[in-house]
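Grab a viewer and let's work through a few exercises together. Each one has a task, then a solution in steps.

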Amino acid sequence: MEHPVASSGTLDARSFRERLHASSWFGTLDAALQDALIDIAAVRRLGAGELLFQRGDAPDGLYCVVEGTIRIGATSADGREALLAVLEPVNWFGEIGVFDRQPRTHDARADGHTTLLHMPQAALIALLDGSPALLHAFALLLTHKLRLTFILLEETALLPAPVRVARRLLLMADGYGDLRLGTRRVLHVPQEQLAQLLSLSRQTVNQVLKDFEARGILKLAYGEIEVLDFSRLHQLGYELGRG
């Protein structure tokens, strides 16, 4: 099933090159490989709530968020939503279907006005077929995400809610391990989304966040969380969360 994706008019993928260098994955590629990816990329824009693709769609290539946010998740037959990831700039996604050429595993929807770079499936596969170095780079992208998945699954199974909340906030602040993105103090994540990401109830997440706020670690506002004390948040998530 195809979904309409709005064009950006005169915007060109090259205009986002500097922004792409904030991504460790892109920034460490050889300049020739960077050029090759940008040369096949098109700029796409989505309105708030607009669907990019949904589970079962044919793979259509690789995407990178350069402005806005993409929510990755799924909706059950009775309307319940499972939120798996909230992707902000500069995050790459869609690579699984590039390699296994199987249908999309989840839905991708814009959370607010969002701008993406899109590297179409056929052009990207042709590029990969002629570049062992790019294949290796994609292997690193995939293994980074797989490592994060294993860590998060373990935390979900073994750790109490306050530790999980602290660790997820730290992970989000650090760009999910992408050191080039730097550390963000303000996280634009509603409590409902955070609860869905952690598979916890909103009430539980709210209680944990209120406790952190009372300790002076966080400041809560509508739709966002500001980290005031990273060292104490790290202590809650790791030093006190061991064992």
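**Exercise 1.** Is Asp-39 buried, partly exposed or exposed?

*Solution.* Before we start: this is a predicted model, where local features need pLDDT of at least 70, side-chain atom pairs count only at pLDDT 80 or more, and totals for chains, interfaces and linings use all residues. Residues are numbered from 1 along each chain as its sequence is written, and side-chain values use heavy atoms, with hydrogens and water left out.

Step one, the cut-offs: buried is under 20% relative accessible area, exposed is over 50%, and partly exposed sits in between (1.4 Å probe, protein chains only). Step two, the value: Asp-39 has a relative accessible area of 48%, so it is partly exposed.

**Exercise 2.** Which side chain meets Asp-39 in a salt bridge?

*Solution.* A salt bridge here is a side-chain nitrogen of Lys or Arg within 4 Å of a carboxyl oxygen of Asp or Glu. Arg-14 is the partner, at 3.0 Å from N to O. That pair ties together distant parts of the chain, 25 residues apart: Asp-39 is in helix 3 (residues 31–40), while Arg-14 is in the loop between strand 1 (6–7) and helix 1 (17–20). Helices (H or I, at least four residues) and strands (E, at least two) are DSSP runs, numbered from the N terminus. Arg-14 counts as exposed because its relative accessibility is 51%. Zooming out, Asp-12, Arg-14 and Asp-39 are linked in a network of salt bridges.

**Exercise 3.** Find the residue that Asp-35 meets in a salt bridge, and say where the two sit.

*Solution.* Look at Arg-17: the N to O distance to Asp-35 is 2.2 Å. Asp-35 is in helix 3 and Arg-17 in helix 1, 18 residues apart, so again distant parts of the chain are linked. A search of the whole structure turns up 10 salt bridges.

**Exercise 4.** Work out how strand 12 (residues 224–227) pairs and which of its faces is covered.

*Solution.* Strands pair if DSSP finds at least two bridges between them. Strand 10 (residues 186–187) pairs with strand 12 in the antiparallel sense over two bridges, with Leu-187 bridging to Ile-225. Strand 11 (residues 218–221) is also antiparallel to strand 12, over four bridges, and Leu-218 has Val-227 as its bridge partner. Strands 11 and 12 form a hairpin with two residues between them, and Gly-223 in the turn has a positive phi of about 75°.
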